[in-house]
Amino acid sequence: MTDAISVSGLVKTFGRTRALDGLELTVRTGEVHGFLGPNGAGKSTTIRVLLGLLRADAGTATLLGGDPWRDTADLHRRLAYVPGEVTLWPSLTGGEVIDLLGRLRGGLDAGRRATLLERFDLDPTKKGRTYSKGNRQKVALVAALASDVELLILDEPTSGLDPLMEEVFRTCIAEERKNGRTVLLSSHILAEVEALCDRVSIIRAGRTVDTGTLAELRHLTRTSITAELAATPTGLDALPGLHDLVVDGPRVRFDVDNEHLGDVLRQLTGCGVRSLTSQPPTLEELFLRHYEEELVGS
Amino acid sequence: MSALTGTRHLTRLAFRLDRLRLPVWVLAIALLPMATAAQYKQLYPTKADLDSVRAVLSTPALVAIGGPLFRVSLGGLTAWKIMSTELILIGLMSLLTVVRHTRTEEETGRLELISAGVVGRHAPLTAALVTAGLADLVAGALAALFLLATGLPATGSLALGLAVCVTGLAFAAIAAVAVQLTENARTAIAIAGAVLAGSYLLRAVGDTGPTWLSWLSPLGWAIHIRAYAGERWWVAGLAVALAALLAALAYTLAGRRDVGAALLAQRPGPAMAAAGLRSPFGLAWRLHRGLLAGWLFGMAVAGAALGGAASALTDQIAVNQELTDMLARLGGSKGVTDGYLGAVFGIVGLVVACYTVQATLRLRAEESAGRLEPLLATRTGRVRWALSHLVFAVVGSALLLAAAGAAGGLAYGAQISDVGGQVPRLLGAAMVQLPAAWVLAGLGVALFGLVPQATPLTWVALVACLVLLELGALLNLSRWIVDASPFAHVPKLPGAEFSATPVLWLTAVAVVLAAAGLVGFRRRDIG
């Protein structure tokens, strides 16, 4: 299987800022690839290089078998893009923008356009200046999803959507994958990437720090548990998949790999649970825990 | 907490945000009358000189543009010349300031952030009105002081300053109502701006015919305060009363609506794009057509008014020698009428260049707003996109000049019964300005492509051209400074001989600049 996107050793500097510092990224054809990193990590910069909007200082980037800077127009027939910050023309309606972008890309499926408008609950007759951030994002999403393209490049597409619409978006992306399209989905929300992606690349400060399938990155998908028990627990530290255990009398705090969550909870219940809170670790925590040292070391 | 809690802090914030913008406006408004008075003092040193211009200034077209000339004196002439400009400037400053600190803040959601703090319901509107009102007051006071300094009578100077100030107050209040009507700042500016334009038209028609029409217009009131010509102070009260009334209305309306909402609902547009909206050019047409149509109307009206005024300047009228000389320098002809027409179309050329620059800089505006990125992510090429906007700068400017020239030729020709002869003559006088306007477009493209952050400098270049045209002729600046302006090379038609060399040179410079800009734009980063 060929790669839809292949980026190697990419460097891009703006003045003194090194936005990309040897970034690596491989997206295989037909997969949904999560592009994960905190704000300012270089996700949008990478995407702009892939779209031929920025010229890389060093490194190579191949998009659908072509050079994103040289073969721009040819490549852009085959992809659709949703920017992170969508701005619309104030005097054009959402429907007009969807049609315009679709036509400029080389065609739009009218049936799909209608279905998507309904699913995203978007009023296409409103003028661009009156849409909220979420609705502007929906306009760009409908325009992209209704086009007949091989590759979707989505830059934090859900940052303005409410949870209901996020669900609609997830369903749409699942369908796209079934239709064999490739998706590059940038995000700073771990849960979103977990729910949608086959493989993930994690970047920080312009570098790729980890890449692989979700199973390979299983160590990222832990849950943090804080519990107050009836008695001081015993034998917790012997359980597999348990990390960073702190026992403070009847109070315990630890992280657990999600696949071992059931065993650990059974053990806790045995001690009598008075209160329990669980939360997925934030991306920032993960970075702090897993990558800070590597970065300092390198 | 009262409805006004926090007004002081918000006013200070407004002044902080406008610390550059407002002083520039205020200074421009304060200095213009003084500069005019100084210029007239030099131009008409004696009473006889002044009397000689009366016949010219009482032609209907000039009365429509500037209002009636109430008294022939240095002050009277200064007030006549500058009042309309002053009123439009102070009106714009006031309405833009009020909209900026009310509806713009509300639309962007920044007001929500502020409203959550200890801020009364009416504090934002009050702060905006206080900000605009203080700026009006300072502008009026400074204008009066500067006029006094040139040696004009105190009473008249005070009246002129007062007229400027109260007109500003009236338009601040008009804007305060406009922002209650619509959810969108641009529409609010359009509403208040339309009232300003309407007031100007009412006054223009009223002063040439049915006088009562001028009394329906705030701009008419200001002019009928009659600075330097037997002041009628009570007229200022009309503007103050209107401002108070409209401000009260604005507060009532604001009290009845939610934050972010408006009295006029947004009209929905088409759900599907028309067949024409399928290319970069189709999009550019949608974005430029309104502006171009407005300009076309304006230039046709201006051309007709200026052409119509020319018939009064027949060579037989004994006109002040200095004026004749000045027209000869600006217009390039010893004949007074042709000199006047040449000078007028030189100014028309510069005014049209404002559109040229505006249309050219749309490139940068689209890029900065982030609207270029999604287009370039389609198969649209960079150069094709840029050209789709530049068509309007290049062809649009030609259309505007043609409109001004043809309308001027018709109006002038109709009065001297020579339409067939004057239309092509004045069309030529207007169109010959085109290559100079194109040079500014070329400069805009070059900056956009090579040093995008510096694109706004194109406006500076345009202002420099204007200054060189006005002052170069008056101050006898050295030749090479004046020659820096592309407009200095334009043959001064209709009086002078047409010469193709400068026209071709200017066109070539414009093309080279634009080509360099486009090459740079192809190679640079977007964003």
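1. In what order do the strands of the open sheet in chain A come? In this predicted model, the order is E5-E6-E7-E3-E8-E9, which makes 6 strands, and the pairing is mixed. Look for strand E5 (79-82) and strand E9 (207-213) of chain A at the edges, where each pairs on one side only. From one strand to the next, the twist averages 15°.

2. Strand E6 (residues 151-155) and strand E7 (residues 182-187) of chain A run parallel and are joined by 5 bridges. Within this pair, Leu151(A) has Thr182(A) of E7(A) opposite it.

3. Next, turn to the helices that lie across the sheet strands. Helix H1 (residues 43-50) of chain A lies across strand E3 (32-36), E6, E7 and strand E8 (199-204) of that chain, at about 145° to E6(A). Helix H6 (residues 163-178) of chain A lies across E3, E6 and E7 of chain A, and its direction is at about 150° to E7(A).

4. Stepping back to chain A as a whole, the domain assignment gives domain 1 (3-218) and domain 2 (222-279). The C-alpha centres of these two domains of chain A are 39 Å apart.

5. Finally, have a look at where the chains meet. Chain B brings 30 residues to the contact and chain A brings 32 residues. On the chain B side, helix H12 (280-310) and helix H15 (372-376) each supply at least two residues, and H15(B) gives the largest share, 4 residues. Sorted by class, the side of chain B that touches chain A holds 14 nonpolar, 8 polar and 8 charged residues.

Definitions and conventions
Residues numbered from 1 in each chain as written. Chains lettered and ligands numbered in written order. Predicted model: local features only at pLDDT ≥ 70, side-chain atom pairs only at ≥ 80, totals over all residues. Domains from an automatic or database assignment. Contact = placed C-beta atoms within 7 Å. Nonpolar A, V, L, I, M, F, W, Y, C, P; charged D, E, K, R; others polar. Pairing = 2+ DSSP bridges. Axes fitted to C-alpha atoms, helices over the stretch in contact; angles between N-to-C directions.
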